[in-house]
Amino acid sequence: MDFPASFALIAPELVLVGTGLALLLVAAWAGDKAARPITILAATGLFGAGFLLVPGLHTGMDGPGTLAFGGLLKIDSFALFAKALIYLAAIACLMVAPRFFDSEAAGLDRGMRAEYPVLVVFAVLGMSIMVSANDFMSLYLGLELNSLSAYVLAAILKRNAHSGEAGLKYFVLGALASGILLYGMSLLYGFTGGTSFDTVRAGLLGDLTYGPLFGLTFVLAGLAFKISAVPFHMWTPDVYEGAPTPVTAFFSTAPKVAAIGLTARVVFDVFGGQVLAWQQIVMFAALASIIFGALGAIGQENLKRLLAYSSINNVGFILLGLAVASEAGASAMLVYLFIYVAMSLGSFVALLMLRSEEGGLYETFGDIRGLSVTQPAIAWCLLIFMFSLAGIPPLLGFYSKFVVFQATVDAGLIAFGAIAIAASVIGAFYYIKFVKVMFFDEPVGLVTGESGTGHWALLFLMAALLSPLGYLLTPSLTDLADKAASSLFFAV
């Protein structure tokens, strides 16, 4: 085992480990009064780790030279693409957190807590291991490191009943999903004699018997919970509503990228020789998520719950690209994932800006009636985000759906693509409801609070990215997605 080469491959993870441990000591000694400097240092550490990804993203990485520590980790272009998205999303979520906790949470807790950015760093470290996993042991290590941090983040407001309930629900259901995943992994180990992805893949060649099939099903069920795909979505609306809004923004972006990346890694690296066995499961989860996400959001009045169902709906479209089981489908999935992160970040940043003069947040449709009169900049940016989520041209959200539908049709799955298109039309109803309420209802004048510079910067950046100007980035984005998809299929 070449340790120097392995450590060079995991340089971003080493930066995160050092950052997390150093900030943990600072938080223990300095306490909550150092929360803002710790947040800045955490974002700096994430940026530094992301900077180390640039050479590999530019040149592309695949082949045996991407394996680290005897094949426990695979640092290929696919992993680098996913890590870049995770780090950027985490930095954005750290930028908007201090103002929320210092204003909204001040009367409920102690304001911004020093451990919050530390937990985000360790959660991101777990996600980095997840998307680079090449063995079920490293997979489970990364998954649990991310999950344990996420449970605490959801319940970070200890004196807020909704936050505590969200953390408890997430913990109980997450533990159940981890048990299901672990049982599936043990079945695959028992029937193939190893935990390495290559060993399990070799053991599953030929006719698939009932034992390994059950193992495959349990593994996919456990992963479906992590990406909130139907029928394992039940935690999503409650956790999204109850968790602090910056935490919800974090949950809807970085962990989603990691879980989808891990799912893609498993289905192609482990079950690549049994495409027909898992393709039906993924296709069902994709279509069920698209339809349920579209229908479930129609009656929602709470904006965070609505975006939770929107997340389920978008996961369905992402899984549709995965179900194509080709390089084109995987590339389309990654393009959609990038654009989804921008749409989700923009939407939640806008929600964080719906505040009163006292700092309280508004989260219902009734609160944003006539918003275009009182806060026109926020209203117009929300219009861009909602129309982009609905896939309405010429916004960039249309392109994300287009590339997925194109890959689906090219693969001959025309009926599934038609169902997805019909469901996307249904989903447009509640996105357009935002526009109707903000632009055509009588103003209520509740949103009068001021937002920070970081909020405005992120809001305008995401709006510009999702506007027609975003199409200027599509050649580079497509090239990066193609390289990542090619490395994912290198051993297939």
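User: In which helix does Leu295 lie?
Analyst: This is a predicted model: local features need pLDDT of at least 70, side-chain atom pairs count only at pLDDT 80 or more, and totals for chains, interfaces and linings use all residues. Residues are numbered from 1 along each chain as its sequence is written, and side-chain values use heavy atoms, with hydrogens and water left out. Helices (DSSP runs of H or I, at least four residues) and strands (runs of E, at least two) are numbered from the N terminus. Leu295 lies in helix 14.

User: At 48% relative accessibility, what does Leu295 count as?
Analyst: Buried means under 20% relative accessible area and exposed means over 50%, with partly exposed in between (1.4 Å probe, protein chains only). Because its relative accessibility is 48%, Leu295 counts as partly exposed.

User: Which helix gives the largest share of the nonpolar patch?
Analyst: A patch takes residues with over 30% relative accessible area and no salt bridge, joining like charges within 9 Å and nonpolar side chains (Val, Leu, Ile, Met, Phe, Trp, Tyr) within 5 Å. The nonpolar patch, of about 490 Å², is made by Ile291, Leu295, Ile298, Ile419, Ile426 and Phe429. Helix 14 (275-296) and helix 20 (414-440) each supply at least two of its residues. The largest share, three residues, comes from helix 20.

User: Within what arc do the buried residues of helix 3 fall?
Analyst: The buried residues of helix 3 are Ala35, Ile38, Thr39, Ala42, Ala43, Gly45, Leu46 and Ala49. They line one face of helix 3, because seen down its axis they fall within an arc (of the directions from the helix axis to the C-beta atoms) of 155°.

User: Which exposed residues does the face of helix 3 turned away from its buried side carry?
Analyst: An α-helix has 3.6 residues a turn, so residues three or four places apart point the same way. On helix 3, the face turned away from the buried side carries the exposed residues Ile40, Phe47 and Phe51.

User: How many of the 17 residues of helix 10 are buried?
Analyst: Among the buried residues of helix 10 are Gly211, Pro212, Phe225 and Lys226. Helix 10 is largely enclosed by the rest of the structure, because the buried share of its 17 residues is 12.

Definitions and conventions. The arc is that of the directions from the helix axis to the C-beta atoms. Accessible areas come from the Shrake-Rupley method with a 1.4 Å probe; for residues, only the protein chains shown count as cover. A salt bridge is a side-chain nitrogen of Lys or Arg within 4 Å of a carboxyl oxygen of Asp or Glu.
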